[in-house]
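Biologist: I'd like to learn how to read a structure like this. Could you take me through it feature by feature?

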Amino acid sequence: MQASIQRKASADPTADVVFETRELSRHYGSGDTLVKALDQVSLTIAPREFTAIVGPSGSGKSTLLQLMGGLEAPTAGEVYLRGQAISAMSGRDLSDFRRDHIGFIFQAYNLIPVLTAAENCEYIMLLQGVPKAERQARVDSMLNRVGLSGKADRRPAQLSGGQQQRVAVARAMVSQPDIILADEPTANLDSQTGSDLLDMMHELNRREGMTFVFSTHDPMIMERASRLIQLRDGRIESDEVRA
Amino acid sequence: MLLLRLAWRNVLRNRRRTILTLLSMVGGYVIVTLVLSVNYGSYDQMLEQYTRDSIGHVQVTADQYLDRPRLQRTVPVDESLRGQLSQAQGVRMLTPRLESGALAYGEERSLPVEVRGVEPDQEDRLSRLSNRLSAGRYLSAERDGHGQHEALIGARVARQLDLEPGADLVLIAQGADGSLANELYTVVGILGDTEAVESRWVVLPLAAAQDFYVLPDQAHRWIILGDDFQRAERLAAAVRSSLAGDANWADNALQVSPWQVVAREFYETMQADQQGGMIASYILIFLVCIGVLNTILMSVMERTGEFGVLKAIGTPPHRLFGMIVLETLVLATLACGLGFLLAWPINLWLTLVGIPMSEPIEVSGLYFSHFRGRMSWDMFAIPTALVWFTALLVALYPATRAARLTPLDAMRRL
Ligand SMILES: Nc1ncnc2c1ncn2[C@@H]1O[C@H](COP(=O)(O)OP(=O)(O)OP(=O)(O)O)[C@@H](O)[C@H]1O
Ligand SMILES: [Mg+2]
């Protein structure tokens with residue numbers, strides 16, 4: 001499967017590949033203490049995929065997502081977004097790249113505590129220079145789609161953990177990125193709330209075609225993925241696509 | 001708008017700390033306003049008195065007289081000139097003065113004195129000279145029963161020459177024509193005490209002085225008083241243009257100078273003094289700065305993780321920098337607003353009522369009885385600018401720190 005995607009990618013890099021990593025490595029330390037957090041990982045992500053990255057603690061899940069999102073520079077290898085190499089980008093370009101092409105969802109503390117749910121979503125569009133009327137319309141519809149239409153004016157502290165993560169999903173979606181990278185988005189939630197969040201993300205994936213890559217420890221969550229990439233010691237151990 | 005709201009809410013986030021910071025900024029603002037106001041107010045009071053009592057707001061003299069006074073460098077005392085001067089916009093009072101030196105003789109001793117020829121009534125109206133009498137009565141322009149002109153003398157002259165009101169005073173000097181002048185006067189009053197500015201004066205009616213020095217219809221200065229010593233420059237300009245408008249005086253080499261030029265040295269030392277008076281408030285501002293810097297640094301450090309997330313989702317460094325600066329300016333603006341509300345009534349009271357001193361203090365011959373404020377817009381504008389500017393300065397370091405964070409390092413601190 002992976003091979004077939006790569007072949008298509010070389011024929012038309014923008015059509016079927018959003019993301020590609022080539023021999024991506026990230027090492028920490030040196031000599032005896034050298035840690036290969038990521039070791040020559042090559043993979044491609046097609047549009048509309050709903051991919052889970054799994055693996056034991058320390059296997060490199062967070063590192064992979066950080067490199068893909070341009071939060072960290074690789075030791076070797078390259079990350080391409082629609083055929084464009086992101087390691088060539090300077091600081092400001094990288095910052096704009098993250099703003100326009102990547103939606104991030106972290107494990108916790110995603111939101112600005114002093115802004116309401118709606119304002120948190122609006123903030124990123126403000127950075128993008130989206131006009132006010134459009135910002136408002138997009139926030140309304142996005143909060144609606146994550147099931148928080150009545151909670152737009154609440155601050156994060158007035159929302160439950162699951163609701164906060166929904167706002168984080170809404171914020172990641174509202175900037176209309178190419179891909180959403182979520183590092184253990186359910187880790188701080190109880191399993192029911194975590195499953196609900198995943199169902200909602202999956203729904204957005206199916207209905208709106210948003211590409212998701214998320215990492216998780218939770219077997220219940222893995223079940224919902226359409227593709228499962230297993231990491232061990234910084235390498236891909238298996239990469240399986242489910243029906 | 002969202003950014004301003006964000007800044008505002010961040011300011012309100014830790015209320016206790018915000019209130020403490022605000023208090024120190026407001027305190028700084030109020031104290032600087034009041035120090036500034038009392039400083040300027042007291043100098044105003046002093047200058048008001050000084051210009052009125054001694055040099056006027058504007059003087060008209062012969063060219064170069066101010067730099068190198070000579071007996072011969074005179075201005076005409078002439079009704080048409082007087083008329084032309086008093087027509088100038090803003091002139092309230094004017095009077096001529098003749099000034100030179102002489103040797104005074106009493107019974108046994110002699111003393112060099114400063115002779116002033118004045119028009120007694122005009123002079124008193126303008127400089128309130130009669131207020132400074134410590135003995136006897138004020139000068140009249142009339143000759144007394146013996147055909148002698150009257151004279152007022154300074155306290156030192158009185159003591160050195162052992163003169164009292166009613167006594168005879170002899171003056172000797174060289175007249176403008178080179179002849180030896182020598183005349184007898186009747187002392188009618190004594191001015192001030194031996195420490196006063198007037199202690200070596202001998203004040204004569206102008207006509208008597210003109211006779212003595214052989215300067216008919218002449219004097220050395222026209223002293224002009226307007227409404228406000230602070231508007232002396234404008235008054236001088238008005239006088240100049242009034243003179244320029246009259247063919248008689250347009251070509252005459254008359255020099256019109258505001259008091260700042262007449263008493264240049266005095267003015268300059270006074271300004272230096274005033275700067276010195278502000279040092280205390282600069283130190284205060286510095287202390288306030290340290291406090292505010294500490295607060296802002298703390299609030300930035302606390303939010304390191306949050307900034308990491310903001311940067312991760314694409315907030316460029318300059319936005320984050322701007323956010324911190326904006327927060328600080330919001331705080332500064334708030335402090336200025338509150339400071340103004342607090343300082344305004346106090347300053348008004350200081351200006352209108354003032355704080356009486358237990359004993360009047362004397363500064364170079366001038367007396368202060370009250371600490372007084374000055375009610376003018378710059379008393380508030382200067383502290384506002386100071387608070388704003390220092391807030392901006394103080395914000396630079398924390399803001400730079402926040403802008404330089406790398407998102408991952410910052411987020412690890414969550
Ligand atoms: N900043 C760093 N400095 C040194 N070593 C690091 C750093 N970040 C990660 N590592 C190491 O790299 C390896 C991969 O870490 P990573 O965080 O990607 O694992 P993970 O799969 O996300 O684990 P977890 O499931 O616990 O979140 C680990 O051995 C980790 O100790
Ligand atoms: Mg991790």
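Biologist: Let me start with one pair: are A:Asp96 and A:Arg99 buried or exposed?

Modeller: Before that, the ground rules. This is a predicted model, where local features need pLDDT of at least 70 and side-chain atom pairs count only at pLDDT 80 or more, while totals for chains, interfaces and linings use all residues. Residues are numbered from 1 along each chain as its sequence is written, chains are lettered from A and ligands numbered from 1 in the order in which they are written, and side-chain values use heavy atoms, with hydrogens and water left out. Now your pair: buried means under 20% relative accessible area, exposed means over 50%, and partly exposed is in between (1.4 Å probe, protein chains only). A:Asp96 is buried, and A:Arg99 is too.

Biologist: What joins A:Asp96 and A:Arg99?

Modeller: A salt bridge, meaning a side-chain nitrogen of Lys or Arg within 4 Å of a carboxyl oxygen of Asp or Glu. Here the closest N and O atoms of A:Asp96 and A:Arg99 are 3.5 Å apart. Both residues sit in helix 3 (residues 91-101) of chain A, and because they are three residues apart there, about one helical turn separates them. Helices (H or I, at least four residues) and strands (E, at least two) are DSSP runs, numbered from the N terminus.

Biologist: On to rings. How many aromatic pairs are there over all chains?

Modeller: The rule first: rings of Phe, Tyr and Trp (its six-membered ring) pair if their centres lie within 6.5 Å; planes under 30 degrees apart count as stacked, over 60 as edge-to-face and the rest as tilted. That gives nine pairs over all chains. One of them, B:Tyr185 with B:Phe212, is edge-to-face, at 6.3 Å centre to centre and 70° between the planes. B:Tyr185 lies in strand 8 (residues 180-191) of chain B and B:Phe212 in helix 6 (residues 206-213) of chain B, so the pair ties together parts 27 residues apart in sequence. B:Tyr185 and B:Phe212 are both buried.

Biologist: How are the rings of B:Phe212 and B:Tyr213 arranged?

Modeller: Their centres are 4.9 Å apart and their planes are at 80°, so that pair is edge-to-face. B:Phe212 and B:Tyr213 are both buried. Over in chain A, the residues A:Phe50, A:Phe212 and A:Phe214 make up one aromatic cluster.

Biologist: Last one, the ligand. Which residues are the closest to ligand 1?

Modeller: A residue is near a molecule or strand if one of its heavy atoms lies within 4 Å of it. Ligand 1 has 14 residues around it, the closest being A:Ser57, A:Gly58, A:Lys61, A:Ser62 and A:Thr63. The surrounding residues come from chains A and B, so the site is shared between chains.
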